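Try each task before you read its solution.

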Amino acid sequence: MLPTTASKGRAATRSAPPLFGPYLRRIVKWQQMDIEYTFWQMVHLCTSPKVVYQHTKYHKQTKNQWARDDPAFVVILILFLVFATSAYCAAYGESASHAALTITSVVLVHFLFAGIVLATLCWFLTNSYLREEPNSHVVEQRVEWLYAFDVHCNSFFPAFVILYVLQYFLSPLLVAHGFFPALLSNLLFVVAISYYHYLNFLGYDVLPFLDRTTFFLYPIGLVIILSPLMILIGFNPTRYFLSLYFG
């Protein structure tokens, strides 16, 4: 009976739906996107992220894949980035051409390119070093690249809320000189970066075939160690990034 079970598992794995084809086709078909569920995920990623990954388990059971087959989350997040960056350009920018360049840079470089690099790195690390060794009666499972990108997007959204939205409204205070603006700015970045890595950990910890996923929590310790040093030397990350983009 065990070899038969394993063969069925392998057949199920081979017959799993292709990830990229339907995903890319649905990008241009807005009516097929589940917008309500996407907003539900975004809210709960900020309040109860474990609930979101519990639903990821249900998705695996019903769709036979860990990754989303709906690009709505990425599309809406890009729209949010465009709106938020436009607000920064209206407040601190100099021209329409500079605003267009800044928006393009944020979407293509900060979100998509950096996300692809980080997702690929996590995908490689998890599949190469963090998978449990399967026995002869268990179907070998691997982390899907698209799921690694999903985890990045999930982790990015709360950081977006903190560093794009909240920071925008606090920016008149944060860009001032002095100890308190630097302290508050560093605290915002510490919370955003730490929460990003915590959600990254949750995304991979939910996969039953991975081991030692606490590895994804290690960057939080580094951030906590470095932040007091940044505060003591008077480094203000808000001033730094705004000057980087807007001079």
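**Exercise 1. Give the volume of the largest pocket and describe its lining.**

Step 1. The volume of the largest pocket is about 940 Å³. On a 1 Å grid over the protein atoms alone, a pocket is an open set of points where a 1.4 Å probe fits, with protein on both sides within 12 Å along at least five of seven lines; lining residues have an atom within 4 Å of a point. Points are joined across faces, edges and corners, and the volume is the space filled by probe spheres set on them.

Step 2. This is a predicted model, where local features need pLDDT of at least 70, side-chain atom pairs count only at pLDDT 80 or more, and totals for chains, interfaces and linings use all residues. Residues are numbered from 1 along each chain as its sequence is written, and side-chain values use heavy atoms, with hydrogens and water left out.

Step 3. The lining of the largest pocket has 34 residues, and His-110, Leu-163, Tyr-164, Phe-189 and Phe-241 lie nearest the pocket's centre. Elements giving two or more residues to this lining include helix 6 (96–130) and helix 7 (145–174); helices are DSSP runs (H or I, at least four residues), numbered from the N terminus.

**Exercise 2. Find which residues touch the most other members of the largest nonpolar core.**

Step 1. A nonpolar core joins buried Ala, Val, Leu, Ile, Met, Phe, Trp, Tyr and Cys residues through side-chain atoms within 4.5 Å. Buried means under 20% relative accessible area (1.4 Å probe, protein chains only).

Step 2. The largest core has 45 residues, and those touching the most other members are Leu-77, Leu-81, Tyr-147, Phe-160, Tyr-164, Tyr-204 and Leu-207. Helix 7 gives the most to this core, with 14 residues.

Step 3. Look at Tyr-147: leaving out residues up to four places away in sequence, its contacts (heavy atoms within 4.5 Å) include Tyr-53, Trp-66 and Leu-207.

**Exercise 3. Is Thr-85 buried or exposed, and what does Thr-85 touch?**

Step 1. Thr-85 sits in helix 5.

Step 2. Thr-85 counts as buried because its relative accessible area is 4%.

Step 3. Beyond residues up to four places away in sequence, Thr-85 touches Thr-102, Ile-103, Val-106 and Tyr-164.

**Exercise 4. Is Asn-127 buried or exposed?**

Step 1. Start from helix 6, where Asn-127 lies.

Step 2. Its relative accessibility is 5%, so Asn-127 is buried.

Step 3. Asn-127 touches Arg-142 and Val-143, again not counting residues up to four places away in sequence.

Technical notes
Buried < 20%, exposed > 50% of the residue type's maximum accessible area, 1.4 Å probe, protein only.
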